[in-house]
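Please consult the sequence and the coordinates alongside the text.

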Amino acid sequence: MIPELGHFALILALVVALVQGTLPLVGAAKGDDRLMALGSTAALTQALLVLIAFAALTQAYVTSDFSVVNVVANSHSAKPLVYKITGVWGNHEGSMLLWALILALFGAAVAIFGANLPDTLRARVLAIQALIGTGFLAFLLFTSNPFERLSPAPPDGNGLNPLLQDPGLAFHPPLLYLGYVGFSVTYAFAIAALLEGRVDPAWARWVRPWTLAAWCFLTLGIALGSWWAYYILGWGGFWFWDPVENASLMPWLAGTALLHSAIVVEKRDALKSWTVLLAILAFSLSLLGTFLVRSGVLTSVHAFAQDPARGLYILGFLIAVTGGGLALYAWRAPKLSPGGLFQPVSREGALILNNLLLCTLAVTVLLGTLYPLFLDLLTGNKVSVGPPFFNATFVPLCAPLFAALCVGPFLGWKRAELWPALTQLRLAFFVSVAAAVVAAAVVDSRSTLAAVAFGFGVWLIVGSIVEFASRIRLARVPWPESLRRLRATPRAAIGMTIAHGALGFVVLGSVATGAWHLEVIETLKPGEKTHIAGYDVTLQRVENVQGPNYVAERATLAVTTGGRPFTTLQPERRLFVVQRRQIAETAIQTNLLRDLYATLGEGDPNTGWVIRLYLNPLAPWIWLGAALCALGGFVSLSDRRLRIGAPTRFRARTAGPGMTGGTRGPRSA
Amino acid sequence: MIAPAIPDRVGRRWVALAMAVLMLATSPSVAVEPSEMLKDPALEARARAIGQALRCVVCQNQSIDDSAAEVARDMRRAVRERLAAGDSNNQVFDYMVARYGDYVLLKPPFKAGTLLLWLGAPLVLLVASAAILVAVRQRRVAAPPPPLSERERERLRSLLGG
């Protein structure tokens with residue numbers, strides 16, 4: 001009964017989305033208030049209906065209702081409760097339902113928080129959101145129905161892919177989708193602006209928080225995925241340039257560019273047409289990512305051709321969204337008024353350079369990801385594009401981006417001088433050069449490139465600190481004055497400093513782990529010992545243990561340093577009985593400056609077990625840096641000017657005492 | 001959170017059976033194994049570097065260094081044999097390409113078929129930079145403000161004359 005309710009709610013949601021996607025558009029064109037007002041009501045209704053559908057599927061998972069095909073295929077009664085719940089989106093149908101849910105919730109958020117948007121703009125934004133929603137709801141109902149029943153119901157399910165039975169990967173898709181779908185709101189705003197024929201700073205002030213929020217979630221999602229790969233795949237790597245990873249990196253790069261160009265629209269009323277284009281592209285790349293992952297085209301072009309219904313649908317949808325958006329752009333964008341003027345050397349100029357480089361990076365990833373597919377499709381030739389390609393193309397392009405990143409904030413709007421900005425950064429420059437030299441001389445003399453990259457990481461951190469110090473005029477004015485300036489600094493500026501500096505930590509972690517990690521692979525029998533970087537590691541025993549839905553071999557490694565016990569590592573090899581799949585459970589001891597990382601390989605008591613040990617310097621900084629990056633975004637998001645209604649309140653408060661002519665007015669705050 | 005309610009005796013037999021399966025199942029975590037490694041650390045380091053640039057031909061986007069597949073093991077052995085025989089890194093790559101084709105290289109060679117792959121992004125950078133420069137030039141040429149309208153001129157006269 002409950003799955004049918006969910007199914008029915010989904011059908012109703014599709015109908016509501018169709019209404020929401022059409023009538024408000026007509027209303028906005030004709031100036032009909034009632035039709036426009038329909039948008040908000042429909043958005044709330046749609047969100048409620050999809051929520052009911054999602055709750056129904058979750059209920060089927062939690063109670064292990066094996067009359068539902070989707071639950072049979074992806075769940076098992078012996079699975080821990082938390083993975084029964086995360087299993088809802090650990091499969092194709094459920095993850096698409098999650099996508100539709102987040103989309104509908106974002107639509108509802110626009111309806112709720114968009115009360116002070118111009119009526120026509122709000123109506124159009126909600127309609128575009130609903131049209132995207134229609135596409136996904138129809139996709140669910142016609143090709144990927146999560147509520148399909150099975151009779152007779154089997155006694156138990158097939159279980160969830162063991163790789164997904166992990167906290168890191170369980171929450172990776174929702175975060176990623178919050179990012180992807182967040183860009184749908186910016187897309188809707190861009191299309192609505194094209195329909196209105198108007199882009200102004202007020203529009204940018206609306207678009208920026210959505211972009212920022214989407215970007216923050218996408219950053220966290222990508223970081224979580226990378227962290228998961230690091231601890232589960234068992235050889236200490238954290239980014240593999242896999243097409244699935246690239247699929248999320250492309251919208252991130254475009255979104256980062258959008259984040260910066262939207263600032264120019266907001267502050268200077270320039271780059272309007274370009275920002276609209278970026279908003280269309282960022283969401284298109286999000287959809288492309290979904291298409292790549294969901295259609296199976298990555299596994300093989302031929303696998304995609306064998307079961308083409310889903311893939312072709314997403315491809316068609318992708319073409320409609322991208323092509324439709326771009327066609328509308330080509331038609332309407334020339335009508336947007338050109339914005340404010342500026343010199344090449346200016347904040348605007350720096351942000352254009354940022355956009356140029358970020359977009360080139362996105363193109364690099366796009367080519368590297370799609371080229372093998374197209375070459376295979378068109379000529380039948382196979383080509384591999386892997387990490388060495390991206391190291392040779394993507395990484396060098398980061399150098400000018402990072403170099404310019406610290407300079408940009410020192411340039412004024414409209415017209416600026418380069419030299420004074422550079423002289424303010426001389427401390428950062430010397431510190432980073434020194435860091436690179438030390439890295440080359442002391443740490444590892446073989447890889448000059450790694451040392452240079454390390455220097456860039458230090459440059460980003462010190463440069464950001466110097467920028468902030470100069471903003472509050474630290475050490476130039478008495479410190480109470482600096483403190484006053486610190487309090488007056490807008491949250492957006494604080495967020496920028498945090499995010500820029502955090503990027504430096506990501507760079508340092510990646511370089512140090514990638515270039516300077518130590519590795520020991522040895523076959524050990526119980527009682528035997530090996531060494532890695534000043535640590536003695538003894539294999540004490542290997543025992544069999546039983547988990548809730550797996551059995552495992554667990555090794556106990558005693559780590560001592562200088563003869564004194566340091567820690568115990570217990571890596572496991574788990575066998576998930578239902579799926580007959582093995583997963584390595586690595587053991588990691590971290591002190592935030594380096595990870596001591598151990599995995600257990602094959603073996604038996606006679607020959608010994610293969611033990612892999614890694615010492616990954618600064619590895620935790622990669623994900624802490626990424627989390628800090630997202631934190632910077634959230635801090636910026638809390639900026640007063642982005643909070644709805646805040647400016648009005650502020651004005652009312654400051655105006656209050658003045659109007660009462662010096663007498664004490666009532667204190668409203 | 002919810003442990004399966006398996007009676008102890010049954011559970012133990014179940015574990016024993018599962019362990020037997022565990023021995024047979026292919027392991028995802030093991031790639032380069034100690035038994036394969038060369039004695040000379042310098043030579044082994046070169047083998048690892050080469051291994052990371054070669055694709056395991058049956059895997060999905062994995063280097064032979066990261067893959068546990070049988071083919072990857074054979075390929076790792078082949079790389080080490082060639083190195084032990086005194087080949088240079090490039091000779092090893094040539095040998096592997098002769099056996100498996102360009103497909104084995106994770107960094108595709110610069111050829112007619114990969115022209116767009118290698119030059120696409122630099123081309124975009126170049127064209128976009130040129131477009132930006134042109135736009136900036138045009139804006140600057142078009143920059144002189146429009147002449148004052150008749151009403152504005154009148155207002156100016158009245159202000160100045162005022």
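B:Glu33 lies in the loop that joins helix 1 (8-24) and helix 2 (41-52) of chain B; helices (H or I, at least four residues) and strands (E, at least two) are DSSP runs, numbered from the N terminus. The model is a predicted one, in which local features need pLDDT of at least 70 and side-chain atom pairs count only at pLDDT 80 or more, whereas totals for chains, interfaces and linings use all residues. Residues are numbered from 1 along each chain as its sequence is written, and chains are lettered from A and ligands numbered from 1 in the order in which they are written.

- B:Glu33 is classed as partly exposed because 16 other C-beta atoms lie within 10 Å; a residue is buried if 20 or more other C-beta atoms lie within 10 Å of its own, exposed if 12 or fewer, and partly exposed in between, with C-beta atoms placed from the backbone.
- Although 32 residues separate B:Glu33 from B:Asp65 in sequence, their C-alpha atoms are 9.8 Å apart in space.

**Chain B as a whole**

- Chain B contains six helices and zero strands, and its elements follow the order α-α-α-α-α-α from the N terminus.
- Buried residues make up 23% of the 162 residues of chain B.
- Of the contacts in chain B between residues at least 6 apart in sequence, 47% link residues at least 24 apart; two residues are in contact if their C-beta atoms, placed from the backbone, lie within 7 Å.

**Chain A as a whole**

- The secondary structure of chain A consists of 22 helices and 10 strands.
- The C-alpha trace of chain A spans about 85 × 75 × 65 Å along its principal axes.
- In chain A, 54% of the 669 residues count as buried.
- For contacts in chain A between residues at least 6 apart in sequence, the share that joins residues at least 24 apart is 73%.

**Domains of chain A**

- Chain A is assigned domain 1 (407-514 + 621-638) and domain 2 (518-620), with bounds that come from an automatic or database domain assignment.
- The centres of domain 1 and domain 2 of chain A, taken over C-alpha atoms, are separated by 37 Å.
- Contacts between the two domains involve eight residues of domain 1 of chain A and five residues of domain 2 of chain A.
- On the side of domain 1 of chain A that touches domain 2 of chain A, the elements giving two or more residues are helix 20 and helix 21 (619-637) of chain A.

**Helix 20 of chain A**

- Helix 20 (residues 491-516) of chain A has 26 residues and should span 38 Å at 1.5 Å a residue; its end C-alpha atoms are 37 Å apart, which agrees. The expected span is 1.5 Å times one less than the number of residues.
- Helix 20 of chain A is mostly covered, with 21 of its 26 residues buried.

- Strand 2 (residues 529-532) and strand 3 (residues 535-546) of chain A pair in the antiparallel sense over four bridges; two strands pair if DSSP finds at least two bridges between them.
- A:His531 stands opposite A:Asp536 in strand 3 of chain A.
- Two residues lie between strand 2 and strand 3 of chain A in their hairpin, and A:Ala533 in the turn has a positive phi of about 45°.
- Strand 3 of chain A also pairs with strand 4 (residues 550-561) of chain A in the antiparallel sense, over 10 bridges, and these strands form a hairpin with three residues between them.
- A:Leu539 has A:Leu557 in strand 4 of chain A as its bridge partner.
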